[in-house]
Amino acid sequence: TNEIYYDDDADVSHIEDKTVAVLGYGSQGHAHALNLQDSGVDVVVGLREGSSSREAASEEGLEVTNPVDAASRGDIVKMLVPDTVQPTVYEQIRDELDAGDTLQFAHGFNIHYGQIEPPEDVDVTMVAPKSPGHLVRRNYEKGEGTPGLLAIYQDATGEAKEEGLAYAKAIGCTRAGTIQTTFREETETDLFGEQAVLCGGVTDLVKAGFETLVDAGYSPEMAYFECLNELKLIVDLMYEGGHMEMWNSVSDTAEYGGLTRGEEVIDREGMEEILEGVQNGEFAREWISENQAHRPAYKQYRQAEQDHQIEEVGARLRDLFAWGEEQE
Ligand code: NDP
Ligand code: MG
Ligand code: MG
């Protein structure tokens, strides 16, 4: 099992004399930059000319410059532009990486699949919150933490780990716990999870359930509530107390039906194929060339999703009923 680190295992002083160049000021970028700044770490934000994020960063008292200048001043260069953009930004800033500097990521894709090949004399690490950026910031401001990951791909200085832990502490990740992993494990589990379970699996499960009911003549409104809206209530229970908390909260009929029938809808071989495509790099190659071609398939899939009946029904019902924040 992987090591887990907390505040007591980390010491921010390892990065107190360093400058962190945060490239990008989106979901993760703003959270890292602001949390580092509030933890007393020297931060410079690198954004391209005309970037829509420039003003927001300046308003928070952060120094903003271009990515090349930021990287040249940074001892730690944190890559927080979108993953598909990182190889291009890396080409611009690679000459600014001095021996002993750190190139740091929040996701392993570009290193693991060889899209970025850093020089041997820099540390290459990953400090990645397991959460969207706005929660990383919000939790930090409340004095709470966000679970995080730490991985060392290359340790040229011999100090990569204590520096990574210092960074994790400065953004609030060791308050909650930071798990040691590897670039490979993070990348492959992340891609598999979002494809098979979290994003792909769950939307397909919902659509298939919705379509099965609607095709059998049931009303789309009932199908929407049953297959999509109620999912949140079930997931909340699982999140709070695992599967048993959920089973304990639903009726015995729901529990027996679920336990005996759930397995039937899952295609384990399909899942294994998805994992293989992640492991052998087939998915990565497909996604890289899709981007090089300006995303023709992506646009089609997105449009089909947009046009699905469940979107129209959902939008209508969400307008008609008050739920969400107010209901909780
Ligand atoms: P975002 O999409 O939010 O990043 C947007 C930022 O990147 C903006 O500041 C944008 O500025 C800048 N940017 C976009 N295109 C370019 C470009 N061509 N050149 C220069 N800057 C550009 O990214 P995320 O925060 O979502 O992701 C950053 C990293 O964090 C990724 O590696 C991701 O995998 C990882 N991560 C993300 C999580 C999340 O929940 N979002 C969770 C954990 C990890 P501009 O105004 O110039 O476009
Ligand atoms: Mg992901
Ligand atoms: Mg993920």
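Which residue coordinates both the magnesium ion (ligand 2) and the magnesium ion (ligand 3)? In this predicted model, that residue is Asp190, and the two ions it coordinates are 3.2 Å apart.

**The magnesium site**

- The magnesium ion (ligand 2) has Asp190 (OD) and Glu194 (OE) as its protein donors, and these lie 2.2 to 2.5 Å from the ion.
- Both Asp190 and Glu194 belong to helix H10 (residues 183-198), where they are four residues apart, a spacing of about one turn of the helix.

**Helix H12 against helix H11**

- Helix H11 (residues 200-215) and helix H12 (residues 220-249) have axes that come within 9 Å of each other and cross at roughly 155 degrees.
- Because angles over 145 degrees count as roughly antiparallel, H11 and H12 are roughly antiparallel to each other, and their crossing is right-handed.
- On the H11 side the contact is formed by Val202, Val206, Gly209, Phe210, Leu213 and Val214, which meet Pro220, Ala223, Tyr224, Cys227, Leu228 and Leu231 on the H12 side.
- Sorted by class, this contact of H11 with H12 contains eleven nonpolar residues and one polar residue, with no charged residues.

**Helix H12 against helix H17**

- The axis of H12 also comes within 10 Å of the axis of helix H17 (residues 309-320), and the two cross at roughly 90 degrees, which makes H12 roughly perpendicular to H17.
- From H12, the residues Pro220, Glu221, Tyr224, Phe225 and Leu228 take part in the contact, while H17 contributes Gln309, Ile310, Val313, Gly314, Arg316, Leu317 and Arg318.
- By class, the contact of H12 with H17 has seven nonpolar, two polar and three charged residues.

**Buried residues**

- Eight of the eleven residues of helix H8 (residues 160-170) are buried, so this helix is largely enclosed by the rest of the structure; among the buried residues are Glu163, Leu165 and Tyr167.
- After H8 comes Gly172, which has a positive phi, near 95 degrees.
- Asn110, found in helix H6 (residues 109-112), counts as buried because its relative accessibility is 2%, under the 20% limit.
- When neighbours within four places in sequence are left aside, Asn110 is in contact with Asp83, Gln86, Pro87, Gln115 and Ile116.

Note on methods: Residues are numbered from 1 along each chain as its sequence is written. Chains are lettered from A and ligands numbered from 1 in the order in which they are written. This is a predicted model: local features need pLDDT of at least 70, side-chain atom pairs count only at pLDDT 80 or more; totals for chains, interfaces and linings use all residues. Side-chain values use heavy atoms; hydrogens and water are left out. Donors are N, O and S atoms within 2.8 Å of the metal (3.2 Å for Na, K and Ca); water is not among the atoms, so sites may look incomplete. Axes are lines fitted to C-alpha atoms, for helices over the stretch in contact, and angles run from 0 to 180 degrees between N-to-C directions. Angles under 35 degrees count as roughly parallel, over 145 as roughly antiparallel, 65 to 115 as roughly perpendicular and the rest as oblique. A crossing is left-handed if the near helix is turned anticlockwise from the far one by less than a right angle, and right-handed if clockwise. Contact means heavy atoms within 4.5 Å. Ala, Val, Leu, Ile, Met, Phe, Trp, Tyr, Cys and Pro count as nonpolar, Asp, Glu, Lys and Arg as charged, and the others, Gly among them, as polar. Buried means under 20% relative accessible area, exposed over 50%, partly exposed in between (1.4 Å probe, protein chains only).
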